[in-house]
Amino acid sequence: MTTELPRVLIDRFQRRVDYVRLSVTDRCDFRCVYCMAEDMTFVPKQHVLSLEEIHEIARAFVELGVGKIRLTGGEPLIRNNILSLIKPLGQLPGLDQLVITSNGSQLHRMASSLRELGVKRINISLDSLQPRRFRQLTRHGNLDQVIAGIDAAIAAKFERIRLNAVILKGRNEDEVLDLVNFALQRSIDIAFIEEMPLGLIDEHNRALSFCSSEELREMIAREYPLEPLGDPLGADGPARYFSTGNGVSRIGFISPHSHNFCHLCNRVRVTAEGRLLLCLGNEHSVDLRAVLRAPDYTQDKLKRTIISAMASKPERHHFDLDETPDIVRFMNTTGG
Ligand code: SAM
Ligand code: SF4
């Protein structure tokens with residue numbers, strides 16, 4: 001006799017998991033200095049989940065009560081035929097929010113299709129407004145193209161657009177106010193993310209480049225009246241948001257170092273290879289690809305694997321910038 005499956009995912013700390021970040025590729029057209037090494041070895045193509053396998057995982061999660069899926073990577077929009085995955089995801093009954101994080105390089109040509117296919121919100125990474133510096137930080141990026149992508153996203157009328165910026169001391173900390181102004185002028189949100197020690201990079205010392213959310217908040221508050229908005233883990237994830245003078249844009253701070261949000265964690269990640277990661281800062285994972293590719297695969301087996309994985313979701317992460325990272329995966333592998 002088979003037992004009835006629950007419709008919600010609850011971990012052993014009684015946290016409800018209702019948000020999944022799916023990495024659709026570990027590849028990227030950029031090599032941001034805090035995210036990747038210059039020379040990267042990517043996962044062999046045959047190890048990467050097919051679009052059908054990703055859809056199967058998404059459907060299983062949604063039937064287990066997940067209401068929000070974020071597509072990420074690597075750069076999700078450089079995955080071949082990505083729109084053919086997004087279309088059925090946008091129609092999955094029970095999925096309230098299909099959202100994407102992108103570096104913006106392909107948005108000038110894809111923003112309106114994404115919106116039409118049901119993507120509600122989009123996060124776009126932007127760390128500099130100076131073309132040369134943008135190129136240095138991303139190693140390959142073209143600022144004009146990304147700004148054209150941001151403007152195409154605004155024209156496509158996503159419910160919310162948020163810029164994501166990682167600020168590094170000595171690299172782009174002098175642009176914090178320019179980035180805020182850029183967001184305010186366009187009536188979109190901006191979030192500042194503290195750099196996390198994921199993967200070994202040799203380009204800078206993460207401990208020396210670290211800029212805390214608190215420093216940035218003080219810098220911005222000298223120019224703008226920042227009023228805290230509540231609900232840190234509401235629809236918006238772990239960002240702590242503040243309202244600004246224009247009444248529309250919000251400024252957020254994501255502070256995995258200075259503000260631990262683990263007790264409210266409602267999310268898990270799936271890597272491009274189908275590894276279900278239960279915590280950003282720990283290596284606990286379960287191989288969903290093995291389940292999907294087994295000869296006796298059924299959707300029921302996949303769901304049972306996901307349900308039992310909840311028992312190994314750790315209570316919290318520990319990041320230490322001065323230590324060699326325990327986490328050898330890069331952010332592009334993790335699906336940031
Ligand atoms: N390629 C897309 C992009 O850049 O938006 C999506 C994937 S990227 C890994 C997702 C987010 O992670 C980006 O906003 C990026 O700035 C952030 N990120 C990457 N490496 C990081 C690190 N070591 N610490 C903090 N944030 C990081
Ligand atoms: Fe690519 Fe995004 Fe990582 Fe930059 S942050 S290298 S755009 S995956």
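Begin by selecting V24, T25, D26, R27, K45, V48, L49, I78, R79 and N80, the residues that line the largest pocket. Please keep in mind throughout that this is a predicted model. The largest pocket has a volume of about 200 Å³, and if you colour its lining by residue class you will find 4 nonpolar, 2 polar and 4 charged residues.

Next, turn to ligand 2 and display the residues around it. Which residues surround ligand 2? They are C28, F30, R31, C32, C35, M36, G74 and N103, and when this shell is divided by class, 5 of its residues are nonpolar, 2 are polar and 1 is charged.

Keep F30, C32 and N103 selected from the shell of ligand 2, for F30, C32 and N103 also belong to the lining of the second largest cavity. How many nonpolar, polar and charged residues does the lining of the second largest cavity hold? It divides into 4 nonpolar, 3 polar and 1 charged. The volume of this second largest cavity is about 40 Å³, and the count of cavities of 30 Å³ or more comes to 2.

Now leave the spaces and look at the helices. Two packed helices are described by the angle between their axes and by the distance between those axes, and both can be followed on screen at the next two stops.

Select helix α1, residues 51-63, together with α2, and look at how the two run past each other: their axes come within 10 Å and cross at roughly 20°. Because angles under 35 degrees count as roughly parallel, α1 and α2 are roughly parallel to each other. The crossing in which α1 passes α2 is right-handed.

What is the handedness of the crossing of α2 and α3? The crossing of α2 and α3 is right-handed, and with this pair in view the tour ends.

Methods: Residues numbered from 1 in each chain as written. Chains lettered and ligands numbered in written order. Predicted model: local features only at pLDDT ≥ 70, side-chain atom pairs only at ≥ 80, totals over all residues. Heavy atoms only, no water. 1 Å grid on protein atoms, 1.4 Å probe; cavity = no way out; pocket = protein on both sides within 12 Å on 5 of 7 lines; lining within 4 Å. Points joined across faces, edges and corners; volume = space filled by probe spheres on them. Nonpolar A, V, L, I, M, F, W, Y, C, P; charged D, E, K, R; others polar. Near = heavy atom within 4 Å. Left-handed = near helix turned anticlockwise from the far one by under 90°. Helix = DSSP H or I, 4+ residues; strand = E, 2+ residues; numbered from the N terminus. Axes fitted to C-alpha atoms, helices over the stretch in contact; angles between N-to-C directions. Parallel < 35°, antiparallel > 145°, perpendicular 65-115°, else oblique.
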